[in-house]
Amino acid sequence: MTLATERLAPSQRSPLLESLRSVTGPDWLLSQPDDLLLYAYDGSVDQAMPDAVVFPDTTEQVQAVVRIARQHGVPVVPRGAGTGLSGGAIARCGGIVVSTSRMNRILEVDIRNRRAVVEPGVVNEDLSTHTKNFGFYYAPDPSSQKACTIGGNIATNAGGPHTLLYGVTTNHVLGVEFVTMDGTLVTTSGLADAPGYDITGLICGSEGTLGIVTKATVQLLRSPAAVKTLLASFDSVASCSAAVSGIVAAGVVPAAVEMMDQLALEAISQFIPQANLPTDAAAVLLLDLDGVPSELEEQEASIRAVLQNTEARAIRVARDAVERDLFWLGRKHAFGAVGRISPDYYVQDGVIPRTSISPVLKEIGLISRTFDIPIANVFHAGDGNLHPLLLFDNRVAGALEKVIEAGNAILKVCVDAGGMLSGEHGIGMEKQKAMPMVFSHDDLAAMQQVQAVFDPHSLFNPAKIFPAPAGCAEINNLRRSTTPVQGHA
Ligand SMILES: Cc1cc2nc3c(=O)[nH]c(=O)nc-3n(C[C@H](O)[C@H](O)[C@H](O)COP(=O)(O)OP(=O)(O)OC[C@H]3O[C@@H](n4cnc5c(N)ncnc54)[C@H](O)[C@@H]3O)c2cc1C
């Protein structure tokens, strides 16, 4: 997609910038094209230029920015680290990008109640690093955790390798504070089992379309007493896939079950050779078991039995924490590794029943051959959350369109297998058109009615999630003709 330029006319832009400057000061406002270009991207293949980027330092500044956006009738797009893979943080219809990068303080660690209060720009891994000395950690662990923010994780309801046992972000967020479109601050409980509507749950996964999260109360877990990490290699993808459902059917729920195929292993071994992953296997499983040592022995015995039945050709157990970290270093750098062997890659995020991994991977192989696109698979196998990485060169005319078409074909295979469009990356502007594959007209209308309650003029991250019948120009014109210029609606 080329850079969309739904930019404001100078007569609208100057007063907008003037108002924003009065809130953030000149140092925390970007408005020059070269600077704005850096914020026209996220981790996806989409791009669009914002009109301004602001870096508020406080909740009050976020409220003031949102009120200005409303007065001027321009879109507001919250942005964390911009690692999103579905175009969520891109200002598709122009407007103001609100970066949370300065709001990165851990405000409170309450060990007795096992929770922390954080600002949205706190980097995921920093929270666990901070609480490690207390013997606690924050469980959701996206592979991007060295960069992505808690605010972005909440908005996308992020998952990660260890969500198999521990659940996704929504299972760990106890309460949020967020700014609505009239600049009001809403605070949800922070206590488990609060009465009333589950607004915290609604905000999780709302992709910046309902409000800007300015604070979150999250649950901390005690670090496990012991961890065991196994690496099992297979001569066929089918037997590796069979092992995944076999392990769960045997009544064992490991903390993580990740799968990598041969192309992914080759890429990782070039980038992170110290991980020492086998490159001659058709596929490997990386498994984490955690708990008390006696439990781990039992779990390992059950898993070994399944691995042997499914013809694993080798099973390695990490000797110590160093080797364990190296295995995981390889897995967590898999996307970066694939980025080194191909000029570009496009990642899909379909979810399927665990039992369908083998036939669906076969279909993906067929799509790879039909479209002549190499596809590496590295994914959260325990959750059935696939991440096929389609390798291409964006400099070649038509290559992007071809991978998008192949990506859509993969999504269809996932849906036909009883799955879903996204496991964790969100819909953003990437999969809007696919929403009717899994939601009826009435389902989508119900969601849009909820969105309209929070943001009647669709100023928060417009033209995302829902299939957009109109282009941004039409949406912006409609909005400008209906948005009140001042005061409250
Ligand atoms: C190498 C790599 C590996 C990845 N692995 C995983 C993985 O294992 N699991 C996973 O779930 N994802 C993964 N991702 C995708 C991405 O990291 C996650 O979606 C992450 O949650 C995005 O966080 P962010 O801070 O970068 O948010 P951004 O990309 O900046 O924004 C994402 C969405 O959140 C909204 N948003 C951001 N902050 C706020 C806020 N304060 N209030 C309201 N809305 C907000 C934005 O508007 C946007 O819609 C990966 C990405 C990469 C590049």
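**The ligand and the sheet**

In this predicted model, domain 1 (10-101 + 444-482) and domain 2 (106-222) each contribute at least three residues to the shell around the ligand. The ligand is surrounded by 36 residues, of which G80, G84, G88, G152 and G208 are the closest. Two or more residues of the shell come from each of the elements β3, α5 (150-156) and β10 (212-219). The most is given by α5, which supplies five residues. When the residues of the shell are sorted by class, 19 are polar, 13 are nonpolar and four are charged.

Strand β3 also belongs to a sheet. Strands of a sheet pair through backbone hydrogen bonds, and the pairing may be parallel or antiparallel. Here, four strands in the order β1-β2-β4-β3 form an open sheet with mixed pairing. Its edges are β1 (29-30) and β3 (76-79), each of which pairs on one side only. Strand β2 (residues 52-54) and strand β4 (residues 96-99) run parallel and are joined by three bridges. Within this pair, V53 stands opposite V97 in β4.

Two helices pack on the sheet. Helix α1 (residues 10-24) touches β1, β2 and β4, and its direction makes about 10° with that of β2. Helix α3 (residues 59-72) touches β2, β3 and β4, and the direction of α3 makes about 170° with that of β4.

Definitions and conventions. Residues are numbered from 1 along each chain as its sequence is written. This is a predicted model: local features need pLDDT of at least 70, side-chain atom pairs count only at pLDDT 80 or more; totals for chains, interfaces and linings use all residues. Two strands pair if DSSP finds at least two bridges between them. Two residues are in contact if their C-beta atoms, placed from the backbone, lie within 7 Å. Axes are lines fitted to C-alpha atoms, for helices over the stretch in contact, and angles run from 0 to 180 degrees between N-to-C directions. A residue is near a molecule or strand if its C-beta atom, placed from the backbone, lies within 6 Å of it. Ala, Val, Leu, Ile, Met, Phe, Trp, Tyr, Cys and Pro count as nonpolar, Asp, Glu, Lys and Arg as charged, and the others, Gly among them, as polar. Domain bounds come from an automatic or database domain assignment.
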